[in-house]
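Hi there,

Here is the structure I promised to pass on to you. Have a look at it first, and then read on for what I found.

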Amino acid sequence: MVYKRRDVQKAIVLALRNLGGSASRDDIKKEISDSKIDGLDYEQVYFRKKTRKGYYSPFLFDFNFGLKNLETVGYVEPLQRRKDIVLTDQGRVANMDNYPSDEQNRKIGEYWDKKNQLRYEKNKHKENKNQIDNSETVDSSDEQDTADDEWKAQLLDQVKSFSPAKFESFSRLLISKMGVKIDKVKGVKLSGDHGIDGFGYFRSDEFRTARVAIQCKRYTSGSVGESEIRDFKGTMDSFNAEYGIFVTTSSYTDTAKKIAIRGNRTVTLIDGQELCDLVEKYQLHITPVTTYTLDDYYFEKD
């Protein structure tokens, strides 16, 4: 697919309103994707282009750019690294159909003129011209967000290239970390479609243990559809499982999502992006890296 660069400020505000006015960057992107706000779907939000220097997310650039614009006009509170995005009172009630006004465009223009000057000052201090920042990261505070997106894009590509045996091992480890104790007899089997079908037990408290059916599908393209979820629910019935977990490296169709929550036995759907988030949460064969970047404070002229 080809993502066309666009304004996503309206989508950000509407997603935040749906989420109660405060949410993380990841949750905002997920809400935009799940609800297809302003015509944006999973493929558009999480599309990454592979380049010689790594991975590039056009939507992420538009997203960070939009957040800065919304901060500039007072629709979101001042942005802080690793902190939730919070709507202001103005952002909660503003009519986005009339956004941005001429006055808001003027403020936004002044902000970016200043930022471009600061970027110029930063680049002047680079000792080697090869170090000059020619990326489309809109602000230093967004660099961590961009770095997170890059390694997760690489992770997903690598998981998609796993052999069936390695994908089975990876999935078993992930599911175990999620708190499911795999049944050693009937818990895991390698299937012909490069996925695994599993069965295990999840203990939610001192007295309750639930039977959990698990399926993981390594898809290199396309979405998991209604038929796959229906088939999985049939498997759940045969194992008398109360719950199901379906993990894929791609995404799910709208119909598949509806089928997953229909009836007494529901299925938790984990898509490719959430799969990466779980790898981060449980630190599965990844090494955290801490670094620092200078804020604009050091480049502002007195």
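Let me start with a term: contact, or touching, means that heavy atoms lie within 4.5 Å. Please keep in mind that this is a predicted model, in which local features need pLDDT of at least 70 and side-chain atom pairs count only at pLDDT 80 or more, while totals for chains, interfaces and linings use all residues. Residues are numbered from 1 along each chain as its sequence is written, and side-chain values use heavy atoms, with hydrogens and water left out.

Leaving aside residues up to four places away in sequence, tyrosine 99 touches Gln9, Asn69, Leu70, Val73, Tyr75, Gln104 and Ile108. You will find tyrosine 99 in the loop between α5 (89–93) and α6 (102–124); helices here are DSSP runs of H or I with at least four residues, numbered from the N terminus. Is tyrosine 99 buried or exposed? Its relative accessible area is 12%, so it is buried (buried is under 20% relative accessible area, exposed over 50%, partly exposed in between, with a 1.4 Å probe and protein chains only). Tyrosine 99 and glutamine 9 are 90 residues apart along the chain, yet their C-alpha atoms are separated by 9.0 Å. Their side chains make a polar contact at 2.4 Å (a pair of N or O atoms within 3.5 Å; within protein, one must be able to donate a hydrogen and the other to accept it, and residues adjacent in sequence count only if both atoms are side-chain atoms).

Next comes aspartate 62, in helix α4 (residues 58–72). With 6% relative accessibility, aspartate 62 counts as buried. Its side chain reaches the backbone nitrogen of arginine 6 at 3.1 Å. Apart from residues up to four places away in sequence, aspartate 62 touches Tyr3, Arg5, Arg6 and Val8.

Finally, look at helix α11 (residues 272–282), whose buried residues are Gly272, Gln273, Leu275, Cys276, Leu278 and Val279. Where α11 starts, a side-chain oxygen of aspartate 271 comes to within 3.1 Å of the backbone nitrogen of glutamine 273. After α11 comes glutamine 283, with a positive phi near 55°.

One more pair to find on screen: Ala11, Ile12, Ala15, Leu16 and Asn18 in α1 meet Ile28, Glu31 and Ile32 in α2.

Enjoy exploring!

Best wishes

Definitions and conventions
Helices (H or I, at least four residues) and strands (E, at least two) are DSSP runs, numbered from the N terminus.
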